[in-house]
Structure formats: structure tokens, C-alpha cells
Amino acid sequence: MSNESRIVDINEDSLHVGHPETSAAGLTAVAVALQRGLEQAGPLRTVRSLARINQRGGFDCPGCAWPESNGHRKAAEFCENGAKAVAEEATVSAVTPEWWESHPIETLRNKTDYWLSKHGRITEPVVLRPGDDRYRRISWTDAFDLVAEHINATTPDRCVFYTSGRTANETAFMYQLFARSLGTNNLPDCSNMCHESSGSALNPTIGIGKGTVTLEDIHEAELILVVGQNPGTNHPRMLSALKECRDRGGKVVAVNPLPEAGLLHFKDPQTVSGYVGEGATIADEFLQIKVGGDLALFQALGHLLLEEERRVPGSIVERAFVDARTDGFAAYEAARAEIDWDETERATGLSRLEIATVANLLAKSKATVVCWALGLTQQPHSVDTIREIVNVLLLQGNFGKPGAGACPVRGHSNVQGDRTMGIWEKPKEWLLAALDSEFGITTPREHGHDSTETLEAFEKDEVDVFVSLGGNFAQANSDTDALEAGMQRAGLTVHISTKPNRSHVVHGKTSLILPTLGRTDRDDKHPKGRQFLSVEDSMSMVHATQGRLEPISEHLLSEPVIVARLAAATLGEDHAVDWRAMAEDYDVIRDHIARVLPGFEDFNRRVRDKNGFQLPNPPRDSRTFATDAGRAHFTVSPLEYLEAPAGYLILQTIRSHDQYNTTFYGQDDRYRGIKDGRRVILIHPEDLAALGLADRELVDVVSVFNGEERRADRFRLVSYPTAKGCAAAYFPEANALVHRENVARESNTPGFKAITVRFERHTPGDSTAHAGQLS
């Protein structure tokens, strides 16, 4: 059992604010990575795990989805946050049934996710029944029978199957097959809350919802725009790729409301130069844009490029490509013929000269990559913004040639693979028909709930059974108060998890926690011996992942085995799908996938190649576009941006450097100078003065949307060089401020980067914030 006396929860009164850093990685990153591993896993497990992370024959990092090289790999093919993620999973601290029985739910609800997670890995299944005040031990067989009892007592449309991005391909395929065999497409996943806007923009315009570049394209690009993204914290290995691009003569432009350390300078810890000075410069230009101003920026860039084309015909537009491979260019050209520069500057917070400087770099570049992440995807007009990026890329023919393309940088490892495997609430008919043919079942055609619709279903008491394959749904989604209240009214919540989190303590009337093997654990309790799984990275490479560490408990089951036994218990041993065969031999799962999903032919042989294999990508492979018209589409969108009324600011949520999504590695945000605290608001000093507030003042935050207010109390204002008129706060602490209807229009992604807020001075003793989130 973990040593509870050494686990100190977050105390917001201990907040310390220093100066933001201007470079990322370096010796400090190495020291922190090793320290976290030694503290949690000990020297032997740390060495054994770090030696295998992202290596051929090893396991894929449980952190981000950045790809590995097909050529030489470094001995340390991981970053600081990857090492932290491994330390969290490889920990020797254990959460046993005795631990649960000694901690009543009311006690646990007053703790943060940081405190819960630090107690370690869950070792055995536990259950909390109606009227009980704590979780207690339950056998695996009884747990599966309990789930089956609840599912079979209701209708499929009242069951929801949520998925975290960390789930492997084989598990995700089985999971969606289970839900659809049952009769529902209620398959929300974390993509709904992050990159759904990317797919909603890319599929109709270029015929595929994924990026169109390889890692080598990043190296070979003449120009890379990194927009709405913080690679220094969220995808640190990307900095090495950006540095290689610059070393080869390429240029990088950073577009972000916050000056992020990793986009300024990078101290590569695997080179001598990474330990001296400020490190390598990454961004040649930094556009400090207002939150929500990116659509206006790319419309302006398109206008300037077309203006240069008119001045020097043939200098910008790749006419042969545009004429042969696209449609809609004439309407786009007409729409961008004129521009209101006053409004553009107001929308972006940038000067005309700053925008023109980047347009000049685009004009000179013959191979451009645009990378983006959640800074673009979580606003009402997110889909239009990404369509505008596609317009600019199409204009110069930046598809299907080296060093060019669209690059949505995915978050969690295998979040892209989950979607490829069929985790989607709006499945295509070809997928359902293929599943029906392969397994002899009849899958449902009616669309299911995405994550936001699941929140609404909870609020309407339309969820009887909620099953979560990984993740922390209560902390990941918006409108926290309504979501948590709804979850607690559900009949049964089931969490397939490695460590405790808040979703476990805002549970249904009956709640099960089913502990599973992690990415680093050895999976060898099978008739045919040790098994491996596979993942898909941000650039559509599929490769094997196999843990090597001794599991912390003999009672853990792998995710495929858990899903198979859930399905067998619920659907019966005589169901058309042979669940047992898949659980015993993962090659059987891959053979099914090979017959169902295009691009996975001969899956079992190809995944055993040292580098795996790359999935087909028509825009990248052949400059073809699988849209309805067989061409890429230029689109025209109206100008739209976020503008707060007097006395308000536009707030965006962000990660700290010591977290990955809803997992908290520590209490600091080193690059931004924040230590021992999370309930902070980063705000420009001029905005502080204009609002009559002071640095470090304690405030309550009130958001407004469609006339309704949401509150999150007791935040500390921190003077910070963010874009004026904008502010930033960490999620999930600020998720309660996002109204469930504040979403990106076409994708239904929560508007985590579009929160209109005001501040009220905090009155001691008047706080209504969540228990466990205050000191």
C-alpha cells in the first residue's frame, strides 16, 4: 500500500510565481524526468522502461502521438513528459481493496486528481453498491455478471461506451464491435473534445480526416506554421523535428496567444549544445494572435497571396494542380479579393505588417506545412478556420509533394487509431456493412451520442449504463457541475482504469472499477504466450507496442480480455462473435481487422515489420481527393472572431507542463513560471489595470453564454504576457465555465478556447467551487 503520509495534495495558498522561461528541455528536463521515475518506480523499473520506450520491439509512449523515425532512433527516444507518463504507470505504489475500504467516498471527493493518482495502480476489481459509502473487493466473474445484469435490464440506446485515446487498436476494434453487437452507436471518445473539428473540416475538403504529411516532410519543409499549439509541453519531441527543419534551411512561424518556451528556443538534451546558452532558435517569427483570431489571419494570408499572384501571374498559384485537382477556386478568389484591414487587425490583435511578413514567407516557400492543435479546434468557428488553412495550402499545391501538407497534431497516443478502428458515433455505412458481413451480426444504423450529447443525456437522465475504457470523463468534458450530477444519477458506471481519478468518485448508483494492464506491462497470461498490440501515430504509421514490466498485481487483466469477457457475459457464450478466440490470441483480432478495414490487409505480417506500415493517404500518396466530387474543395467562410464586451475577456483553457490531459504529474508549470498551484488566471498587465484588479488578487470567475452564467471560484490573477483582451486558465479547473452549448458548430467540440468571462473579487467563506479543488 502506498505511503499516504508522503502524498501532499495541492495547496493553492502555496502558489509561487516566477519568470516565464524562454527555452524548453535541456538539463532540467533530463533531471526532472529521472527524478520522477526514481521516486515512483525505483531505479530498476525506471531503467527497464525508459530503455524500451518508443524503440523497435518496445512499447509506444503512453503520452503523445508524435511519430518515431523509420531510420536511426536515439537511445533516449522520449521527452520529459513521456518519462513522466511512464513513471506514473510503472509506479510501485498500489491501490488495493484495503485502500478503497479505508477511504470513504466522501473523503475521496474532497481530494484532487493529483492526490488520487499519486496513490498508485489499482490492483483488483472493486464495487460500490447502492447505499454503501466505499468501494469493496469483487471478483472478476461477479463484476462481469453485474455489468451484464444492468445492460440487459435496459435498452441499448441508454448505454454509453466512452473511450480514451490511449486504448490500442485491437482493443478499440473489439470495443466498438461489442457496442454495435449490443445495438448502439453510443461511442463517444476523447476526439470529440479535441480534434473533431479537424476531421469535420478535412473530410469534406480533402477527402480524409487525417494529416497528409510524414515525419520526413516536417524535416524537408521550407516553411512550417505552428498554430494554436504548444509543442514544448504537449509534444516535446516535435521540437527536434522543427530544429531539423531549421538546420536544413527551413523557417518556422509560431502563431499563439501565449509566448511558449519551446517555440522560442530548444535545448536538445541529446546534444552538447543543448546544455549551454539559450539553445537553438525555433520560431523565426512569432505572431501573438488573439484567441479566436486565426480565421481572420488565414483569410488575410490568402488575400495577400492572391494579391501577389495578380501582381506577378504564376508566382503563387500552382495553376495546373488547382485546375486539375480542385474546385471552388473562382469563388474563393472572388471572396478574398478585398479585405477590411481595420477589422482584421482588431480580430487578430496583429498589425498588417506582421501578417504581411508571414505572407511573404509563404509566397517564397515551395513546400509548406501547417501544423495545428487544440488552439484552433475548440471555438465556434473552428471548422471554418481549418477550412481556411486548407484553402491556403491548396492555393500553392501543398499536397502530395515532399515537405508539404496539413498536419493536425493529435494528442494522446492512438487517439487517431481509435477512430480508424471504428470508435465513432456516426459510422459510415461501408464500415457497418463490413462488420455485418465479417461477423454475421446486424449493426445499428442510427447515429449515437458524441461526448457533448452524452453530457446532455446524463442531464436528462437518459443514461442507465456508462462504460469508460480509460480516461476521466468527469474531468475531460465541459459544464462540470451538470455532468457530475448527471453521472451520479446513472444506474451503473464502469471504469476500466489503471489509477484512481475523479470519475470514480462521482459515480453512478452502482459503480465498478476494473483494473487493467498498462502500456508498459507485460501481457503474457494467454494460451499462446506473450501478446502485443498496435497503435497509429499522428502521421498514420501503424506499429506494434509491447510492454515488458512485471505487472504490479497478478489480478490485472488486459483491455482485450476485459472487453471480451464483458461481451461474453452480456451477449452470451453462443453469440455470433467468438470473443474468447480474440482474447486468447490477438492475431485473431488483427485478422478480423484486416478483412474489415481498408489499408490493413495482411495486418499480422505487416505490423511485425520493424517500422510497422503506413496507412493509405490519397492526398499525400497521389494528390487525389476522395470527396464526393473527386476533387479538393476551396471553401468560402464569413469572417468571424471572438470579441468580449466591455469588462470581459476571452478565456482559453490550457495544460500545465506537469500534466497530460487529465493526468497530473506534478504541481508546477515550469515554463510559465507557475509553481505549487493550478487555480490561476494568466492575464495581460494592461487588462489587469483596465479592470481595476491587481496581480495575485483572488477572484471568482463568471462566464456568460446565451444569457446563462457559470462560476468557478477562488482563482489567483497572475500578470502574464498573453495577448491583450485574452486570458488563460488550466483545465480541468476551468471546465466548469464552459456551457454545454458553447461548441464548435459542425463538430460539437466544447468551446474550451472561447469562454467569455468577468472577474469578481473573492469574498472569503463564499466559495462554491468543487470540493477537492481548493486548498
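Let's start with a pair of residues: L682 stands opposite A728 in β30. The two strands involved, β27 (residues 680-683) and β30 (residues 726-730), run antiparallel and are joined by three bridges. When I say that strands pair, I mean that DSSP finds at least two bridges between them. Helices and strands here are DSSP runs, H or I of at least four residues for helices and E of at least two for strands, numbered from the N terminus.

Before we go on, please keep in mind that this is a predicted model, where local features need pLDDT of at least 70 and side-chain atom pairs count only at pLDDT 80 or more, while totals for chains, interfaces and linings use all residues. Residues are numbered from 1 along each chain as its sequence is written, and side-chain values use heavy atoms, with hydrogens and water left out.

Back to our two strands. They belong to a barrel that six strands close, in the order β23-β30-β27-β29-β28-β31, with mixed pairing. On average, neighbouring strands of this sheet are turned by 45 degrees against each other, direction ignored; the axes are lines fitted to C-alpha atoms, for helices over the stretch in contact, and angles run from 0 to 180 degrees between N-to-C directions.

Now let's move to β18. How many residues of β18 are buried? Six of the six, so this strand is largely enclosed by the rest of the structure. Buried means under 20% relative accessible area, exposed means over 50%, and partly exposed is in between, using a 1.4 Å probe and protein chains only. Both faces of β18 are covered, with T510, L512 and L514 buried on one side and S511, I513 and P515 buried on the other.

Which partners does β18 have? One is β5 (residues 126-128), which pairs with β18 in the antiparallel sense over three bridges; there, V127 stands opposite L512. Another is β17, which pairs with β18 in the parallel sense over six bridges, and S497 stands opposite P515.

T498 counts as partly exposed because its relative accessibility is 21%. Leaving out residues up to four places away in sequence, T498 touches G120, R121, I122, T516, L517 and G518, where contact means heavy atoms within 4.5 Å.

Finally, the pockets. On a 1 Å grid over the protein atoms alone, a pocket is an open set of points with protein on both sides within 12 Å along at least five of seven lines, where a 1.4 Å probe fits, and lining residues have an atom within 4 Å of a point. Grid points are joined across faces, edges and corners, and a volume is the space filled by probe spheres set on the points.

The largest pocket has a volume of about 1200 Å³. It is lined by 38 residues, and those closest to its centre are N203, I208, G209, K428 and W430. The largest share of this lining, five residues, comes from α8.

The second largest pocket has a volume of about 910 Å³. Its lining has 44 residues, with K74, E77, R237, S240 and Q270 closest to the centre. Here α11 gives the most, with seven residues.
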